[in-house]
Amino acid sequence: MFAYAIRRIIQSIVVLLVVGLVAFAMFRFMGDPIDNMVGQERSTVDIERLRGELGLNDPFVVQYFNFLNNAARGNFGISYQQSRPVFDILLERAPATLELAGVSGLLAILIGIVLGVFTAIRRDGLAANTIMVVSLIGVSLPTFLIGVLLIYLFSVELDLLPSFGRGEVVKIGGWSTGFLTVSGLKALVLPAITLGLYQMTLIMRLVRSEMLEVLRQDYVRFARARGLPEKLIYFRHALKNTLIPVLTVTGLQLGSIIAFAIVTETVFQWPGIGLLFVNAIQFVDIPVMAAYLMMISVLFVCINLVVDLLYFAVDPRLRDDNAAVKI
Amino acid sequence: MIKSTITRTLDSDFLWSFRRSKLAMGSFVVVFLLLAGALFSPFIATHNPYDMTTLNLMNGFSAPMEPNAFTGDQFWLGSDGQGRDIFSTILYGLRLSLFVGFMAVAFALVLGVSMGLIAGYVGGWIGATIMRIADVQLTFPAILVAMLIFGIAKGITPVDMREEMAIWVLILAIGLSDWVQFARVVRGATLVEKNKEYVQAARLIGRHPAFIMIRHILPNVLGPVMVIATISLALAIIAEATLSYLGVGAPVTQPSLGTLIRIGQGFLFSGEWWILLFPALTLLALALSVNLLGDWLRDALNPRLR
């Protein structure tokens, strides 16, 4: 177990170092950042001064070392586009993305489990079949199309909900929250549905198939024979035993929610990290791209590491030494 | 010979399961119509929407099926701000979306299959490195990988080349984000084929490894590759639309369906709903039918999954 954990952690660090190298290579070799920052009117003296300030005249190794050293301390340099430290921009944008991702994740889990249980219990009913077909359509459509169509329906035709932005936000310390105002909550509805829909259908289908499996077991039949109320059997006996795979999948989907926030944030012009990244790509703002790349890699590598180690702790079959090598 | 091939095809399980599935036939018809529309768009479209000489600014913002207030011209699906016929822009956009989708899958297929063959047949540290890269790439969502590759490639190309290179960069980005599935499946199948007698015989008579890989092993691992290719096509079309919608894909001068939806969203609140809605519905039909067709094909070609 210990050897496996160490090997797995070293692997993760290597992955992060490689990603760091990619990020640095982007940083160093892609175009001349000065071109993107100054107009044609700037004098060569100004340009040279800026070049020195940004450390673009240092030798390669020094720049790489500086990059790693700074990145480890959360310093990703100055955005070419906004001329402000990238870290400050990220910090300012983070609450919007985290709130959106949190709400959509919660929605996906709650509604996904409820619908999953429902479609499993009434597996031949008309409502359950309709839900299954609709969920199939939901899975095969691109996220942004769902968002755009929701805007068309609820913002343009029905005029019920706002189509962009976060509404009014309240500042608590360094955290700006949209939870405390009516417009903030209203603005959250459509983006949260758009972002959570895919995960919701995924969880729903998983819960449904697991439930169908569990409901066939003898202990459920025995519970029925004892005359326990249906509600108790479904939620106490059956649902509890379906939750382990659901939790694993949900954990793995956590990263995807944050990554797919890019699309949803662009559709709804939600001022989060994802929108920042899209704008960074459009304007070739390398420091922001590099910082986002590093941040998301740390997130993904950590989630994968934790899930792998948990599997290992839970499943004794993996503890066989030969199996560990294969992983 | 030809006759027997035809009767064999007509008699096959494959066609039988196709004729039995209404959903598969329906999606096939939709895909076929869209493909034909894309292929023959210069002949079907009322004009080339990106040829400035065919545009009349006075035709701007005509509603669908209503004669324009100034010129009296009628547009089936309305026109955009510059007087382009939406029906024509959809056909040209569809053409681009499908072109990028097919090219990206072809690129991913060639790259993934060769990597998989090498990883499976040659093995050793080369194979281990290839599969390690594949594993790492698989931990990140494909769309994110594609965006990053697009961003990097955009940074490398000179500023004045960006517009014309954008489509090829897009194909490269989507293809590179999608090769892993092919490589994994082909490697697995190659590891099985490698130890069979015909491969050993070929090795014994001194065939070159590259020859064995391409002529002997490749034909035997192609079955599952075709299934993955269809599913990849659906994913590639969605990826292209998403990237273009985000503004990191097809440029405004050569809009794909995703770009059209991006442009259309800007007119949504001023009442010109047709600029958004018709491209969106076209993409919806395309994504849905290719997906359904892919699902059906996977079931039909993989009897074990039934």
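1. Let's start with Ser104(A), which sits in helix 5 of chain A (helices, H or I, of at least four residues, and strands, E, of at least two, are DSSP runs numbered from the N terminus). Ser104(A) is buried, at 0% relative accessible area (buried is under 20%, exposed over 50%, partly exposed in between, with a 1.4 Å probe and protein chains only). Leaving out neighbours within four places in sequence, Ser104(A) is in contact with Ala192(A), Leu195(A) and Gly196(A) (contact means heavy atoms within 4.5 Å). Gly52(A) is 52 residues from Ser104(A) in sequence and 44 Å from it in space, C-alpha to C-alpha.

2. A word on the ground rules. This is a predicted model, where local features need pLDDT of at least 70 and side-chain atom pairs count only at pLDDT 80 or more, while totals for chains, interfaces and linings use all residues. Residues are numbered from 1 along each chain as its sequence is written, chains are lettered from A and ligands numbered from 1 in the order in which they are written, and side-chain values use heavy atoms, leaving out hydrogens and water.

3. Chain A as a whole: it has 13 helices and two strands. Of its 327 residues, 45% count as buried. Take the contacts in chain A with a separation of 6 or more: 69% of them are between residues 24 or more positions apart.

4. Back to helix 5 of chain A, residues 86-121, which packs with helix 11 of chain A, residues 273-282, at an angle of about 130 degrees and with the axes 7 Å apart. Axes here are lines fitted to C-alpha atoms, for helices over the stretch in contact, and angles run from 0 to 180 degrees between N-to-C directions. The two helices are therefore oblique to each other (under 35 degrees is roughly parallel, over 145 roughly antiparallel, 65 to 115 roughly perpendicular, and the rest oblique). Helix 5 of chain A brings Ile89(A), Leu90(A), Arg93(A), Ala94(A) and Thr97(A) to the contact, and helix 11 of chain A brings Ile273(A), Gly274(A), Leu275(A) and Leu276(A). By type, the residues of this contact are six nonpolar, two polar and one charged (Ala, Val, Leu, Ile, Met, Phe, Trp, Tyr, Cys and Pro count as nonpolar, Asp, Glu, Lys and Arg as charged, and the others, Gly among them, as polar).

5. Helix 2 of chain B (residues 13-20) and helix 3 of chain B (residues 22-39) pack at about 90 degrees, with axes 5 Å apart. That makes the two roughly perpendicular. Phe18(B), Arg19(B) and Arg20(B) of helix 2 meet Lys22(B), Ala24(B), Met25(B) and Phe28(B) of helix 3.

6. Now the nonpolar cores (sets of buried Ala, Val, Leu, Ile, Met, Phe, Trp, Tyr and Cys residues joined through side-chain atoms within 4.5 Å). Which residues have the most contacts inside the largest core? They are Phe144(A), Phe277(A), Met147(B) and Ile261(B), in a core of 137 residues. Helix 11 of chain B gives the largest share of this core, 17 residues. Apart from this core lies another, of 18 residues, including Ile113(A), Val214(A), Leu239(A) and Val246(A).

7. On to the rings: there are six aromatic pairs over all chains. Rings of Phe, Tyr and Trp (its six-membered ring) pair if their centres lie within 6.5 Å, and planes under 30 degrees apart count as stacked, over 60 as edge-to-face and the rest as tilted. Phe144(A) and Tyr245(B) are a stacked pair, 4.5 Å centre to centre with 20 degrees between the planes. This pair crosses between chains, from helix 7 of chain A (residues 143-157) to helix 11 of chain B (residues 209-246). Phe144(A) is buried at 0%, and Tyr245(B) is buried at 2%.

8. Ile261(B) ties in with that pair: among its contacts beyond four places in sequence are Phe144(A), Leu145(A), Val148(A) and Tyr245(B).

9. Last, Asn241(A) in helix 10 of chain A (residues 230-267). Buried or partly exposed? Asn241(A) counts as partly exposed, at 42% relative accessibility. Beyond four places in sequence, Asn241(A) touches Val214(A) and Tyr219(A).
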